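Reader: Please present the structure, and then answer my questions on how its chains are built and where they meet.

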Amino acid sequence: MSNAKRHQGHDAALIAVVAVVVAALSILPMFRLGMEIIAPQGRFSTSALQSALSSSSTWIATWHSLQVGIGGTLLAVLLGTSVALLVSLTDIRLRSAFVLLFVAPLLIAPQVTALAWLQLFGPASPFLKLIGLAPPLGSRNPLYSTEGIILLLGVQYGPLVFLIVRAGLRKLPRELVEAGLSSGAGKWTVLRTIILPLMTPSIIGATALAFVSCVGNFGIPAFLGIPANYLVLPTLIYQRLAGAGPSVLSEVAVLSMLIGIIAMAGILAQDYTARRRDYRIVSTSMPAAPFALGCRRVAVEATMWLLILVMLVLPLLGLLLTALVPAYGVPLNLKTATSGNFKFILFEHGAASRAFANSIGLSLAAAIFAVVLAVPLGYLITWRERWWTKFLNLSAELPYALPGVVLAIASLLLFLKPVPVIGLQIYNTIWIILYAYLARFLVLALRPTITGLHQIDRALEEAAQVAGAGLMRRLRTIIFPLVAPATLAGGVLIFMTAFSELTVSALLWASGSETIGVVIFSFEQGGDSSYAAAISVLVVAITFILMLTTNIFARYLPSGVLPWRD
Amino acid sequence: MAGLKINNVTKHFNDFTALSDVSLDVADGEFVAVLGPSGCGKTTLLRLVAGFEQLDKGEIVIGGKVMSGAGANVPPENRRVGIVFQNYALWPHMTVAENVGYSLKVAKVDRAAREKRVEEALALVNLQGFGERRPANLSGGQRQRVALARCLVAAPSLVLFDEPLANLDVHLRAAMEDEFAAFHKRTGTTIIYITHDQAEAMALADRIAVLDHGRLAQFATPRTLYEEPANEMVASFIAGGMVLPADVLSGARDGSCNVRILGQETVLRCRPDEVARSDAKVCVRADDLDVVESGGIAIRVKRSIYRGGGSRIEAFPVERPDIDLHFDLPDPARLEEGAEARLAIRTGWVIPRAEGAGH
């Protein structure tokens with residue numbers, strides 16, 4: 001029976017390794033953060049709590065967070081839901097091209113979105129100058145305002161709402177729509193009385209997710225709010241830490257907990273609302289036949305493409321034009337256009353070129369690690385279901401579900417002092433960013449892996465088992481090859497997200513470990529918009545190339561793994 | 001090759017008892033079908049034998065070695081059991097040859113020997129030259145044969161078939177039935193064949209185990225199941241048997257006894273230990289009923305279903321409208337709904353008094 005024991009040993013070892021890694025990435029930092037709030041610097045005290053909660057700036061920032069959180073969410077839900085309804089239920093043409101472009105803002109880092117819009121509307125806007133509409137130099141950019149932040153949050157997360165509602169609409173059985181129509185109800189009545197009520201869980205879920213994302217967003221309020229001295233909780237934390245350093249860690253830990261609570265409240269509210277009624281759809285069948293728009297189709301299509309123009313094309317054009325401008329305020333024409341900004345950031349500016357290397361390394365490492373861990377973890381969660389595998393899943397979700405600032409503060413607390421016993425010091429190095437990335441993005445590879453495993457017949461593994469293959473061999477020769485497309489697509493998603501990530505690295509970077517996000521932010525704060533724009537143009541280009549390349553392999557993927565593919 | 005002993009096996013899923021005190025003794029080289037309606041526990045039994053589930057009570061012995069039971073639980077990969085899965089479970093990312101050769105690769109058989117054995121296994125199922133194809137490019141029947149080859153290449157001691165014909169169309173089923181019978185003859189392997197299709201089980205198996213709600217209802221040869229069902233469940237499940245109340249008038253003599261059914265006296269087959277009693281149940285089939293001019297049981301026709309060349313008549317005794325009867329009436333005779341007629345019971349079987357399953 002030694003053989004059998006060896007196999008069972010492998011099983012136990014795998015489970016233990018996976019559990020330890022997930023715990024180290026998720027439970028440990030959250031636990032450390034919790035400890036800091038109850039017992040700052042290891043001593044039980046409420047002083048940090050008191051000083052943070054008695055400061056008026058805390059409550060102003062909380063109020064602002066709620067303001068832009070709710071405003072941004074409303075705009076995102078309105079935008080995402082209406083576009084999802086139009087795309088899913090009507091007979092508009094060029095659907096997949098539209099979806100690809102509409103979803104793109106979600107894959108562009110928020111700070112790049114912010115920068116692009118700022119360049120479009122600012123007094124120095126090369127675009128407005130080209131068409132002769134630029135406000136006089138020195139006048140205030142209209143986006144430096146609450147409304148500006150809300151607008152950009154809506155644009156950034158509208159696609160997120162769109163994806164969720166669209167997924168819900170795809171599952172809507174056409175019989176339910178047809179039954180409504182044959183009962184004599186018109187299209188609008190069916191939409192109002194059947195489709196929208198059945199979509200409530202999707203819309204509520206999307207609302208909660210958009211709210212968490214809006215509240216946790218750092219890039220947009222950092223670019224639009226800080227110049228106007230309009231601080232939300234994440235930017236307040238950033239300013240406190242940047243100003244006073246680790247001495248205020250206990251206090252900002254409390255602030256990050258406040259964001260965590262606001263985000264959690266959103267998720268719980270969603271859970272509560274969704275549970276109050278039965279929205280279960282019994283059968284899944286063919287999607288409903290599209291409603292013909294008739295003579296209004298051209299008008300609707302034109303409106304939707306206009307939306308793409310305003311949401312995506314113009315801002316990116318603004319970004320590109322700024323990247324070509326030799327200096328702030330210089331009007332752009334064929335004579336003045338220059339590639340000097342690109343040369344500067346790629347070859348001359350030390351931190352910028354270092355940042356490219358750092359970000360590529362970090363996002364590759366995070367993607368590879370997540371892919372390697374996601375397969376055994378997903379396997380345990382889906383095919384070895386036990387009471388504790390649910391906690392594994394939740395633990396992996398937590399660092400991504402909570403705003404990035406929370407995880408960043410937790411990582412800081414965890415590694416401020418050398419790791420006990422082994423004495424490893426990763427504070428102020430690139431490794432602390434890597435740790436946070438691994439924790440934060442693991443779930444992006446885990447989710448598609450789980451989706452993929454659910455679509456694979458478990459008998460395929462059992463057949464290998466009766467053929468005598470042990471767990472390690474099954475994972476390597478059967479399970480990994482079968483879910484690889486889905487998991488790798490998750491890896492690509494991680495690479496794209498991590499590549500221009502800002503929220504986490506803004507709090508964790510040090511000289512030498514700059515990331516692309518940090519460098520864009522620094523250039524913009526220093527007034528060097530052209531350099532910031534040049535980097536952003538490269539980032540957007542890389543993102544689009546990755547999106548289109550992955551699209552080529554899309555037919556090997558379970559549907560819904562690539563968000564930008566319809 | 002090895003026999004299989006299942007001793008008093010019980011399996012619960014939370015509150016649900018999937019198998020309750022099931023015992024089967026399968027001889028080396030025997031072909032046993034496990035038959036039952038869906039939800040009767042037959043798939044659970046297969047998964048217990050394969051080692052995918054762990055039992056709560058009892059033990060499973062393969063080839064004299066305890067595989068599941070007190071203190072022992074050999075994982076599936078070490079049981080040397082082959083399975084032909086319902087949906088084939090061929091690995092889509094491997095070629096046919098890689099699928100078939102997988103277990104040999106796991107067992108570290110060297111390349112040359114492996115290729116030779118894969119070739120032989122494919123030849124046995126008439127798939128020479130298909131080695132480089134992908135499962136996706138095969139027909140349903142071909143996939144089934146690859147699954148068969150994959151299973152036999154490892155020379156397992158015991159082969160489990162999990163409803164292997166459920167996904168095939170009617171024509172292919174007959175062909176695959178022949179294939180399975182030939183496979184059994186050629187290899188002499190012990191086979192456990194899970195199915196809900198009686199005709200399949202009857203055609204293939206040496207013995208059939210009928211499962212009902214997690215209990216073993218009867219374990220016997222197909223002929224015994226049909227002619228001498230051990231209880232009401234088997235009697236009504238096999239070939240649409242009718243279970244009727246009866247009085248046994250005399251004890252058994254030469255394997256038969258006098259019985260009164262619905263007022264009609266007749267002679268039925270029975271166990272040698274049958275005694276006179278009034279609460280008996282008998283099993284009769286459509287073939288055992290004849291329409292007669294006089295005598296017999298008065299019936300009224302509920303429904304007549306034309307079956308081509310004759311009709312299936314559903315009726316009830318005039319005296320006992322709660323009892324359902326059915327029989328076949330060859331053309332040109334006809335009985336319309338509401339018509340009255342008389343039925344004689346030519347033969348049947350007295351179901352033995354309730355006791356433990358099997359005999």
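The questions and answers below move from the chains to their sheets and then to single residues.

Reader: What kind of model is this, and how is it numbered?

Author: Residues are numbered from 1 along each chain as its sequence is written, and chains are lettered from A and ligands numbered from 1 in the order in which they are written. Local features need pLDDT of at least 70, side-chain atom pairs count only at pLDDT 80 or more, totals for chains, interfaces and linings use all residues, and the model is predicted.

Reader: How far apart do the C-alpha centres of the two domains of chain B lie?

Author: Chain B is divided into domain 1 (4–227) and domain 2 (242–351), with bounds that come from an automatic or database domain assignment. The C-alpha atoms of the chain fill a box of roughly 80 × 50 × 40 Å along the principal axes. Between the C-alpha centres of domain 1 and domain 2 of chain B the distance is 39 Å.

Reader: Which UniProt annotation covers residues 4–238 of chain B?

Author: Helices (H or I, at least four residues) and strands (E, at least two) are DSSP runs, numbered from the N terminus. By that rule the span 4–238 of chain B is 36% helix and 28% strand, and its end C-alpha atoms lie 25 Å apart. UniProt positions are given in the numbering used here, feature names are shortened, and annotations may be inferred rather than shown by experiment. The unreviewed UniProt entry labels this span of chain B "domain: ABC transporter".

Reader: What are the helix and strand percentages of residues 356–550 of chain A?

Author: The unreviewed UniProt entry for chain A places "domain: ABC transmembrane type-1" on residues 62–270 and 356–550. For residues 356–550 of chain A, the end C-alpha atoms lie 22 Å apart, and the content is 78% helix and 0% strand.

Reader: Which elements give two or more residues to the side of chain B that touches chain A?

Author: Two residues are in contact if their C-beta atoms, placed from the backbone, lie within 7 Å. On this basis 20 residues of chain B are in contact with 20 residues of chain A. The elements of chain B that give two or more residues to this side are β7 (81–84) and α2 (96–106).

Reader: How many nonpolar, polar and charged residues has the side of chain B that touches chain A?

Author: Ala, Val, Leu, Ile, Met, Phe, Trp, Tyr, Cys and Pro count as nonpolar, Asp, Glu, Lys and Arg as charged, and the others, Gly among them, as polar. The side of chain B that touches chain A has 14 nonpolar, 5 polar and 1 charged residues.

Reader: Which residue in the turn between β10(B) and β11(B) has a positive phi?

Author: Strand β10 (residues 207–212) and strand β11 (residues 215–220) of chain B pair in the antiparallel sense over 5 bridges. Within this pairing, V210(B) stands opposite Q218(B). The two strands form a hairpin with 2 residues between them, and the turn residue with a positive phi, about 45°, is H213(B).

Reader: Which strands are at the edges of the open sheet of 5 strands in chain B?

Author: This sheet of chain B has antiparallel pairing and the order β16-β20-β17-β18-β19. The strands that pair on one side only are β16 (289–292) and β19 (325–330) of chain B.

Reader: Is L362(A) buried or exposed?

Author: A residue is buried if 20 or more other C-beta atoms lie within 10 Å of its own, exposed if 12 or fewer, and partly exposed in between, with C-beta atoms placed from the backbone. L362(A) is in helix α15 (residues 350–383) of chain A. Its contacts beyond four places in sequence include I430(A), L434(A) and T515(A). Because L362(A) has 25 C-beta neighbours inside 10 Å, this residue counts as buried.

Reader: Is N126(B) buried or exposed?

Author: N126(B) lies in the loop between α3 (111–124) and α4 (140–152) of chain B. The C-alpha atoms of N126(B) and G296(B) are separated by 56 Å. Because N126(B) has 11 other C-beta atoms within 10 Å, this residue is exposed.

Terms used. Two strands pair if DSSP finds at least two bridges between them.
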